[in-house]
Amino acid sequence: MCNIVKADLNDIFVVTGQCPAQQQLLDYVQGKLSAAEQHEIEKHVADCELCSDALEGLAAIQQKERIPVVVRQMKWQLMRKLRRQSRRKRRLGHNIELALIVMVVLFLLLAAFWIFYFVNKK
Ligand SMILES: [Zn+2]
């Protein structure tokens, strides 16, 4: 029991002694570190709750900074949706135009048939 506590304390001491600077963690989140440095931080964060929490917080901040881009993307998608809808409306308008033309043509054919019928009757 006593040994476990001692080992835990020892672990905490060793781990905190190796903690990278916050700037280094930030660089890690932003992908600015070399592969070796990145690996070292990954190795450390896997063992160190303090740094894994800090890294999570920094990653959340990074994501918050990315929010405007996400909002812009959402806006763009909305605009695209609206444009698609207006295009559909335009197609609907075209259909009404077509229906009108068909109706006019049918009316003219009917009128022609009527006139033809009257002329023949005379
Ligand atoms: Zn640490």
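The model is predicted: local features need pLDDT of at least 70, side-chain atom pairs count only at pLDDT 80 or more, and totals for chains, interfaces and linings use all residues. Residue numbers start from 1 along each chain as its sequence is written.

**Overall fold**

- The chain has 5 helices and 0 strands, in the order α-α-α-α-α from the N terminus.
- Helices (H or I, at least four residues) and strands (E, at least two) are DSSP runs, numbered from the N terminus.
- Of the 122 residues in the chain, 8% are buried.
- A residue is buried if 20 or more other C-beta atoms lie within 10 Å of its own, exposed if 12 or fewer, and partly exposed in between, with C-beta atoms placed from the backbone.
- Among contacts with a separation of 6 or more, 65% join residues 24 or more positions apart; a contact means that the C-beta atoms of two residues, placed from the backbone, lie within 7 Å.

- Ala21 sits in the loop between α1 (2-17) and α2.
- Ala21 counts as exposed because it has 8 C-beta neighbours inside 10 Å.

**Helix α3**

- Helix α3 (residues 35-47) has 13 residues and should span 18 Å at 1.5 Å a residue; its end C-alpha atoms are 19 Å apart, which agrees.
- The expected span is 1.5 Å times one less than the number of residues in the helix.
- Ile41, His44 and Val45 are the buried residues of α3.
- They cover an arc of only 100 degrees around the axis, so they lie on the same side of α3; the arc is that of the directions from the helix axis to the C-beta atoms.
- These buried residues of α3 pack against α2 (22-29) and α4 (49-65).
- Exposed residues on the other side of α3 are Ala35, Ala36, His39, Glu42, Lys43, Ala46 and Asp47.

**Annotated transmembrane region**

- The unreviewed UniProt entry gives residues 98-119 as "transmembrane region".
- In the model, residues 98-119 are 100% helix and 0% strand, with end C-alpha atoms 31 Å apart.
- UniProt positions are given in the numbering used here, feature names are shortened, and annotations may be inferred rather than shown by experiment.
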